[in-house]
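Subject: Handing over the structure

Dear colleague,

I am passing a structure on to you, and I would be glad if you looked through it before reading my notes.

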Amino acid sequence: MFERANLKAMSQGRSVKLPGKTAQHSDAKPVEIARKLRAKSELGRRETKLAAAEAKIG
């Protein structure tokens, strides 16, 4: 049989472009990607500082 050239490879994953980096193929789920982006954002840094302060008090 002949293999079709228009079939997409299943192991390719999705293309992910993070700020400051080039696009890469990744098998990461969209939720995991969003969590990484939020952690690197200004809001994510504030939440980290708040959690550290709460842990220090309590």
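Before anything else, one term is needed: a residue is called buried when its relative accessible area is under 20%, exposed when that area is over 50%, and partly exposed in between. Please also keep in mind that this is a predicted model.

As for confidence, the mean pLDDT of the protein is 80, and 79% of its residues reach 70 or more. Among the elements, strand 1 (residues 14-16) has the lowest mean pLDDT, 78, whereas helix 2 (residues 42-57) has the highest, 94.

The protein has two helices and two strands, and, read from the N terminus on, these elements follow the order β-β-α-α. Of its 58 residues, 9% count as buried, and the accessible surface comes to about 5800 Å², with 58% of that belonging to carbon and sulfur atoms.

Next come the charged pairs. In general, side chains of opposite charge can pair when their charged atoms come close. The structure holds two salt bridges, and I take them one after the other.

In one of them, the side chains of Arg38 and Glu47 meet, at 2.6 Å from N to O.

Arg46, at 55% relative accessibility, counts as exposed, while Glu42, at 47%, counts as partly exposed.

Finally, there is the empty space. Rolling a probe the size of a water molecule over the atoms shows where such space is left. The largest pocket has a volume of about 170 Å³, and the residues that line this pocket include Val16, Leu18, Gln24, Ser26, Glu32, Ile33 and Lys36. Which elements each supply at least two residues of the lining? They are strand 2 (24-26) and helix 1 (30-40), and helix 1 gives the most, with three residues. By kind, the lining divides into four nonpolar, three polar and four charged residues.

When you go back to the model, you could begin with the pair Arg38 and Glu47, whose side chains meet in a salt bridge, and then turn to the lining of the largest pocket, with Lys17, Lys21, Thr22 and Ala28 also among its residues.

With best wishes

Methods: Residues numbered from 1 in each chain as written. Heavy atoms only, no water. 1 Å grid on protein atoms, 1.4 Å probe; cavity = no way out; pocket = protein on both sides within 12 Å on 5 of 7 lines; lining within 4 Å. Points joined across faces, edges and corners; volume = space filled by probe spheres on them. Helix = DSSP H or I, 4+ residues; strand = E, 2+ residues; numbered from the N terminus. Nonpolar A, V, L, I, M, F, W, Y, C, P; charged D, E, K, R; others polar. Buried < 20%, exposed > 50% of the residue type's maximum accessible area, 1.4 Å probe, protein only. Areas by Shrake-Rupley, 256 points an atom, 1.4 Å probe, with all protein chains shown as cover. pLDDT = per-residue confidence, 0-100. Salt bridge = Lys/Arg side-chain N within 4 Å of Asp/Glu carboxyl O.
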